[in-house]
Structure formats: structure tokens, C-alpha cells
Amino acid sequence: MSSSGAKITVALRMRPFSSREADEGAEQVVHMTGAPSVNSPQHTTCTLTDPDSGDIRKYVFDACFDSTNPAGSHNAGQQDVYVVLGAPLVLAALSGVNGCL
């Protein structure tokens, strides 16, 4: 986040299926592409697949966090989201820049 100008950051966090969704055999239709790395811990592209037609749409965000598999090695936890989104916002606020989540 830059204090020199306004910037809106758009992020997406995918949650795991609820127990009802899992019991009903729900199918995951949103997928993150591009593996996270040390320098860029978050994905930036999400694909949405229409379960009826198979049509695929791609969306690009400033950050995409995949929290669908809590036991997975690439699971985005609360700390990951805070480091990427919250900490810069707090630092900017301490410098006098307005911000919100």
C-alpha cells in the first residue's frame, strides 16, 4: 500500500465446504492458478467453471487465498491474509493514511 496515492486492493479468500455442502457432494468450481511462492505467497488468478456447461472464466485479483484444505501445504491461514492485507494497512494507518477492510 502506498501513501503517495489511492489504491484499492481486491482480494478473494476461498473457504472450505460446509458440512452440508460436503454431505451433498458439492463440486468445487473455483480454482486458484499459479502456485504461491516465498516472494508472492498468494495466488492472483482464479478460474470459475460452470458445472452445467463447462465454460471457464478467469478472474485476476490482487490476492487470492485458498483456504479450502486446512490440512494442505498451500492452505492460506489467517496469518497469511494478515501479512499480505492487514499489516500494510495498519502501517499506512499509523502513518496517517486512511484505510478500511
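Where in the chain is the place of Ser 67? Ser 67 sits in the loop between strand E4, residues 56-66, and helix H2, residues 78-94.

Good morning. The structure before you is a predicted model. Confidence in the protein chain averages a pLDDT of 82, and 84% of the residues score at least 70. The highest mean, 92, belongs to helix H1, residues 19-23, while strand E2, residues 30-33, has the lowest, at 82.

Let us begin with the overall plan. The protein chain contains two helices and four strands. Read from the N terminus, the order of these elements is β-α-β-β-β-α. Of the 101 residues in the protein chain, 19% are buried. The accessible surface amounts to about 7,300 Å², and carbon and sulfur atoms account for 54% of that surface. If we take the contacts between residues at least 6 apart in sequence, 34% of them join residues at least 24 apart.

I now return to Ser 67. Is this residue buried or exposed? Ser 67 is buried, because its relative accessibility is 8% and the limit for a buried residue is under 20%. The side chain of Ser 67 also makes a polar contact with the side chain of Arg 13, at 2.8 Å. Neighbours within four places in sequence set aside, Ser 67 is in contact with Arg 13, Met 14, Arg 15, Pro 16, Asn 75 and Ala 76.

How many salt bridges does the structure hold? There are two salt bridges in the structure. Side chains of opposite charge can pair when their charged atoms come close. In one of the bridges, Arg 15 is paired with Glu 21, and the closest N and O atoms lie 2.9 Å apart.

Next, please look at strand E1, residues 11-14, where Ala 11 is found. With a relative accessible area of 35%, Ala 11 is partly exposed. Which residues does Ala 11 contact, leaving aside neighbours within four places in sequence? They are Ala 63, Phe 65 and Leu 85. Consider Leu 85 in particular. Ala 11 and Leu 85 are 74 residues apart in sequence, yet their C-alpha atoms are 8.5 Å apart in space.

Thr 47 counts as buried, because its relative accessibility is 10%. Thr 44, by contrast, counts as partly exposed, at 33%.

The contacts of these two residues deserve a moment. Setting aside neighbours within four places in sequence, Thr 47 is in contact with Val 29, Val 30, His 31, Thr 33, Ile 56, Arg 57 and Lys 58. With residues up to four places away not counted, Thr 44 touches Thr 33, Tyr 59, Val 60, Phe 61, Asp 62 and Cys 64. For one of these, Asp 62, we also have a distance: the C-alpha atoms of Thr 44 and Asp 62 are separated by 5.9 Å, although the residues are 18 apart along the chain.

Finally, I turn to the surface. Which residues form a nonpolar patch there? The patch consists of Tyr 82, Val 83, Val 90, Leu 91 and Leu 94, which together have about 510 Å² of accessible area. Leu 91 is found in helix H2. This residue counts as exposed, because its relative accessibility is 56% and exposed means over 50%.

To close, I would ask you to keep two places in view. Ser 67 is a buried residue whose side chain makes a polar contact with that of Arg 13. Leu 91 is an exposed residue that belongs to the nonpolar patch on the surface. Thank you for your attention.

Technical notes
Residues numbered from 1 in each chain as written. Predicted model: local features only at pLDDT ≥ 70, side-chain atom pairs only at ≥ 80, totals over all residues. Heavy atoms only, no water. Buried < 20%, exposed > 50% of the residue type's maximum accessible area, 1.4 Å probe, protein only. Polar contact = N/O pair within 3.5 Å; in protein donor to acceptor, adjacent residues only side chain to side chain. Contact = heavy atoms within 4.5 Å. Areas by Shrake-Rupley, 256 points an atom, 1.4 Å probe, with all protein chains shown as cover. Patch = residues over 30% accessible without salt bridge, like charges linked within 9 Å, V, L, I, M, F, W, Y side chains within 5 Å. Salt bridge = Lys/Arg side-chain N within 4 Å of Asp/Glu carboxyl O. pLDDT = per-residue confidence, 0-100.
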